[in-house]
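Please look over the sequence and the structure shown below before reading on.

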Amino acid sequence: MYDILIIGAGIVGTGIARELSKYKLKVAVLEKDTDVANETTKANSAIVHGGYDAKEESLMAKLNVLGNSLYEDLCNELSVPFKRNGSLVLAFNDEEVEHLNVLYNRGIINKVPGLAIINQEKLREIEPNVDEKAIAALHCASAGIVSPWEFAEALIDNAVENGVELFLNTEVENIEKTDDIFHIYTNTGVFHGKYVINCTGVHADLIHKMIAPESFKILPRKGEYFVLDKNQGKRVNQTVFQCPSKLGKGILVTPTVHGNLLVGPDAQDIDNRYDVSTATDRLDYIKFKGSHSIKDINFRENIRTFAGIRAESDRGDFIVEESSIKGFFDIAGIKSPGLSAAPAIALAAIDLLKDSGAHLIKKENFVTPRKHTLFMHLSPEEKAQKIKEDNRFGRIICRCEMITEGEIVEAIHRPVKATTMDAVKRRCRPGSGRCQGGFCGPRVQEIIARELNKDIKDVILDKANSYILIEELKK
């Protein structure tokens with residue numbers, strides 16, 4: 001019997017789990033995938049928005065601005081890369097300049113710090129590679145960039161260190177409630193709990209309807225991206241947007257916290273909640289639009305394309321509420337700026353539980369997060385000491401990202417173990433560089449097999465049954 005059951009281990013579910021781990025509660029997280037952060041959280045723009053775009057007085061605006069303010073301290077505490085690099089919204093004509101004023105005034109009402117409309121001269125000064133046709137921009141100094149999957153993984157690691165139980169490969173099939181207790185039926189068994197929090201992204205309306213009458217619909221919207229090599233990463237310092245449309249914030253160009261350049265996304269309303277395919281015509285459109293903002297982007301330096309699906313709701317705002325079934329909470333429709341708002345959403349979930357009668361008592365012995373090693377960020381003296389303590393830190397496995405065997409072993413043995421190739425990649429980046437794992441992949445696979453005492457053929461890429469090796473062809 002659990003006090004609270006969380007369904008879904010994306011950035012919202014892991015954030016709520018970590019916040020709940022500060023209390024004397026028995027909490028479990030149920031995740032249908034092989035790892036956390038494996039859907040929308042791993043495939044988005046990785047931006048911490050300022051909060052000027054969300055409509056005045058909306059829940060989205062309130063939680064975006066609060067969430068943004070919490071990021072720096074949280075990421076420092078969890079050893080997650082974060083940079084407050086700022087953002088720009090470009091205007092190319094007088095009509096778009098008028099829209100910048102709308103966004104500026106909205107941002108002031110939303111209490112977004114560091115907003116200013118800058119002229120063409122100032123724009124060229126801070127971003128010399130912006131297209132010459134841009135005549136003005138809205139500058140937001142508080143915007144930032146983060147590694148979303150690393151953030152979610154750090155949150156769940158710390159939650160597990162503090163007693164939260166995580167059940168991967170556990171898909172919810174039905175939910176019932178009898179005598180004030182919820183019974184969640186999954187492919188691995190039945191879980192019982194007093195409260196349930198639905199954080200399932202594009203599947204949130206389907207999970208909701210297992211226990212309550214329909215009250216919202218999720219409308220999946222796909223966006224495709226380019227990831228360019230690090231030699232393109234300095235084309236911009238800040239996140240550069242074009243004026244937004246009814247479909248979203250438009251094609252952006254941004255550096256990543258790891259030094260690459262990200263261009264995208266487009267916006268396609270789709271029916272298939274699992275369709276993360278990319279298409280040449282959509283990518284050509286992204287190239288065209290991205291080059292309209294930043295000149296001379298060399299798309300031949302592309303190292304990867306990908307697509308993510310965001311959870312648009314038919315309500316148009318975040319859904320953070322107790323459903324018509326007492327004790328069942330929906331955290332749904334968390335589209336952009338959902339990543340930005342995630343820390344604040346976790347706090348809002350705590351308030352919902354308290355309002356519903358949950359008895360929450362703070363722990364006296366909350367365990368602070370363990371620091372993990374970023375070997376290439378160490379000083380020469382620190383590197384020498386680390387290698388002396390463990391010679392595996394002296395062996396480079398991923399030459400593109402300069403990741404050591406010691407870091408890979410640490411990632412495998414974190415509180416939430418990395419058991420797949422992509423799980424290791426998301427935690428410490430082998431395979432994220434120019435060769436995309438072409439050289440280091442086999443070695444990482446061997447290390448996973450060795451550390452987990454598995455047959456190497458049982459080490460999968462990411463999703464269930466995504467086998468890499470099937471049989472030996474030549475002895």
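How many residues does helix 3 have, and what span does it reach from its first C-alpha to its last?

## Helix 3 and its ends

In this predicted model, helix 3 comprises residues 94-109, which makes 16 residues, and it reaches 23 Å from its first C-alpha to its last, close to the 22 Å expected at 1.5 Å a residue. At the N-terminal end, helix 3 is capped by Asn 93, which places a side-chain oxygen 3.1 Å from the backbone nitrogen of Glu 95. Just after helix 3, Lys 111 adopts a positive phi of about 65 degrees.

The buried residues in helix 3 are Leu 100, Leu 103, Arg 106 and Gly 107. They lie on the same side of helix 3 because they cover an arc of only 125 degrees around the axis. These buried residues pack against strand 5 (87-91), strand 6 (115-119) and strand 7 (136-140), whereas the face turned away from the buried side carries Asp 94, Glu 95 and Glu 98, which are exposed.

## Strand 2 and its neighbours

Strand 2 (residues 27-30) is covered on both faces, with Val 27 and Val 29 buried on one side and Ala 28 and Leu 30 buried on the other. Strand 1 (residues 2-7) pairs with strand 2 in the parallel sense over four bridges, and Val 27 is the bridge partner of Ile 4.

How values were computed: Residues numbered from 1 in each chain as written. Predicted model: local features only at pLDDT ≥ 70, side-chain atom pairs only at ≥ 80, totals over all residues. Heavy atoms only, no water. Helix = DSSP H or I, 4+ residues; strand = E, 2+ residues; numbered from the N terminus. Expected span 1.5 Å × (residues − 1). Buried < 20%, exposed > 50% of the residue type's maximum accessible area, 1.4 Å probe, protein only. Arc of directions from axis to C-beta. Contact = heavy atoms within 4.5 Å. Polar contact = N/O pair within 3.5 Å; in protein donor to acceptor, adjacent residues only side chain to side chain. Pairing = 2+ DSSP bridges.
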